[in-house]
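Please keep the sequence and the structure at hand while reading.

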Amino acid sequence: MDIYINKILYNRSLVDGPGIRTVIFLQGCDIKCSGCHNEKTWNMLDGHKISVKELFNLINDVTINKKVTISGGEPLLQLEALRELLKLFKDNNYDIALYTGHIKDELPKDLLPYLTYLKTGRFIKEKQTSVIPYVGSTNQCFERVDNIETIEK
Ligand code: SF4
């Protein structure tokens with residue numbers, strides 16, 4: 001299956017979840033928050049099309065720690081491809097964070113077992129924060145969802 005991506009940051013984000021993470025920015029967003037810092041991700045047709053397997057291999061070949069964050073754009077817009085990608089990462093023992101602009105109740109429940117971390121909620125410009133880790137505005141929630149207590153490596 002194919003998936004549309006905007007860009008990949010390899011092994012260098014410290015703000016998209018705990019540890020040094022690789023971030024995949026998926027293309028396409030229908031939420032369109034006022035003040036969004038990533039408007040270039042909105043139009044699906046502006047993205048690069050790649051197979052899910054190829055995307056996984058690109059990351060798996062160079063990861064330093066198997067910590068990956070799937071962001072956007074809005075990842076739930078490409079739900080079937082997202083499921084396939086999550087399965088590949090999970091089968092290979094990745095620590096996976098998913099960033100969505102939706103609230104947790106709107107997340108398909110079958111996605112939760114793949115995730116270590118989940119960030120939910122749209123960006124609200126008037127509630128912007130630079131002090132709460134891993135979120136852009138105070139209404140958003142970043143949480144551990146695998147219920148396993150570990151010491152961060
Ligand atoms: S959900 Fe994310 S990418 Fe979409 S408009 Fe909001 S902040 Fe931008």
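Axes here are lines fitted to C-alpha atoms, for helices over the stretch in contact, and angles run from 0 to 180 degrees between N-to-C directions. Two packed helices are described by the angle between their axes and the distance between the axes. The model discussed below is predicted.

**Helix packing**

- Helix H1 spans residues 52-62 and helix H2 spans residues 79-91; the two pack at an angle of about 40°, and their axes are 10 Å apart.
- The crossing in which H1 passes H2 is right-handed.
- On the H1 side, the contact is made by Val52, Lys53, Leu55, Phe56 and Ile59; on the H2 side, Ala81, Glu84, Leu85, Leu88 and Phe89 take part.
- By class, the residues of this contact between H1 and H2 are 8 nonpolar and 2 charged, with no polar ones.

**Ligand site**

- Around the ligand are Cys29, Lys32, Cys33, Cys36, Thr41, Trp42, Gly73 and Phe123.
- This shell around the ligand comprises 5 nonpolar, 2 polar and 1 charged residues.

**Backbone geometry**

- Gly73, one of the residues surrounding the ligand, is located in the loop between strand E4 (67-71) and H2.
- The peptide bond from Gly72 to Gly73 is cis, and its omega is near 5°.
- Asn11 belongs to strand E1, which covers residues 2-13.
- Although Asn11 is not a glycine, its phi is positive, at about 55°.

Note on methods
Residues are numbered from 1 along each chain as its sequence is written. This is a predicted model: local features need pLDDT of at least 70, side-chain atom pairs count only at pLDDT 80 or more; totals for chains, interfaces and linings use all residues. Side-chain values use heavy atoms; hydrogens and water are left out. A residue is near a molecule or strand if one of its heavy atoms lies within 4 Å of it. Ala, Val, Leu, Ile, Met, Phe, Trp, Tyr, Cys and Pro count as nonpolar, Asp, Glu, Lys and Arg as charged, and the others, Gly among them, as polar. Helices (H or I, at least four residues) and strands (E, at least two) are DSSP runs, numbered from the N terminus. A crossing is left-handed if the near helix is turned anticlockwise from the far one by less than a right angle, and right-handed if clockwise. Contact means heavy atoms within 4.5 Å.
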